[in-house]
Amino acid sequence: QGRGAEDRQKVRRQVFGVAGRSEDPHVTFGPISERERLARLRLARTARVGPVAFSALLARYRSAERVLDALPDIARKSGGGVVPVTEADALAELGRGEAIGARLLVLGDEDFPAQLAALDPPPPVLWTLGDAGLLGRAGVAVVGARIASAAGQRFARGLAQDLGNAGYVVASGLARGVDGAAHQGALASGTVAVLGGGVDDVYPPEHRDLYGEIAERGCLVSES
């Protein structure tokens, strides 16, 4: 963890310049124009701009549109090539998301989940399908073995149901075994499936029906 913090500080120094500079290290939240949201998606998809650099650049320049304008100069000073994703590619991603009814949240949106925004670093963008409001509620992650016994899956369903009845959103990964059982136990109260392959990626295939139920009654979320 110490090395990770050092690496994050190194990136911030590269972005902000000399030590002691006074830029606010935090991203502000509020209404964002469609042009700015598109620019933030482009910045998030740009190679060599990870979550740490994304937050630091946004905090320094106050808008992704200004960051994109400044990238050639930043790349020249850092000695590396940074080519932003094209507007056409970003629009194509937006179109694919809209085609399945998904919603894009970018860091800085006023309804970006506060608990995720507090991470260091926070995710630059999130795709959600379903009730994104669940991401703002208190939650508990329930994850476990993919090859789980029937008894283990019953326990996971019961635990998730109890957590839901106590007011918690149950988060898991839609995987086989314990994850799927946890989602099933919390469907009535609220469950969030965190997907690594994209918000439209149904895996494993046998969880297609569960994926659909979560989209209707819970929330699917992914960084892509």
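**Reading glutamate 93 and its helix**

Q: Where is glutamate 93 found?
A: Helices (H or I, at least four residues) and strands (E, at least two) are DSSP runs numbered from the N terminus. Glutamate 93 lies in helix α5, residues 87-99. The model is predicted, with local features needing pLDDT of at least 70, side-chain atom pairs counting only at pLDDT 80 or more, and totals for chains, interfaces and linings using all residues. Residues are numbered from 1 along each chain as its sequence is written, and side-chain values use heavy atoms, leaving out hydrogens and water.

Q: Does glutamate 93 count as buried or exposed?
A: Buried means under 20% relative accessible area, exposed over 50%, partly exposed in between (1.4 Å probe, protein chains only). Glutamate 93 counts as buried because its relative accessibility is 12%. Of the 224 residues of the protein chain, 43% are buried.

Q: Which residues does glutamate 93 touch?
A: A contact means heavy atoms within 4.5 Å. Leaving aside residues up to four places away in sequence, glutamate 93 touches Leu41, Arg45 and Trp127.

Q: At what angle do helix α2 and α5 pack?
A: Axes are lines fitted to C-alpha atoms, for helices over the stretch in contact, and angles run from 0 to 180 degrees between N-to-C directions. Helix α2 (residues 34-44) packs against α5 at about 100°, the axes being 9 Å apart. Angles of 65 to 115 degrees count as roughly perpendicular (under 35 roughly parallel, over 145 roughly antiparallel, the rest oblique), so α2 is roughly perpendicular to α5. From α2, Arg35, Leu38, Leu41 and Arg42 make the contact; from α5, Glu87, Ala90, Leu91, Glu93 and Leu94 do.
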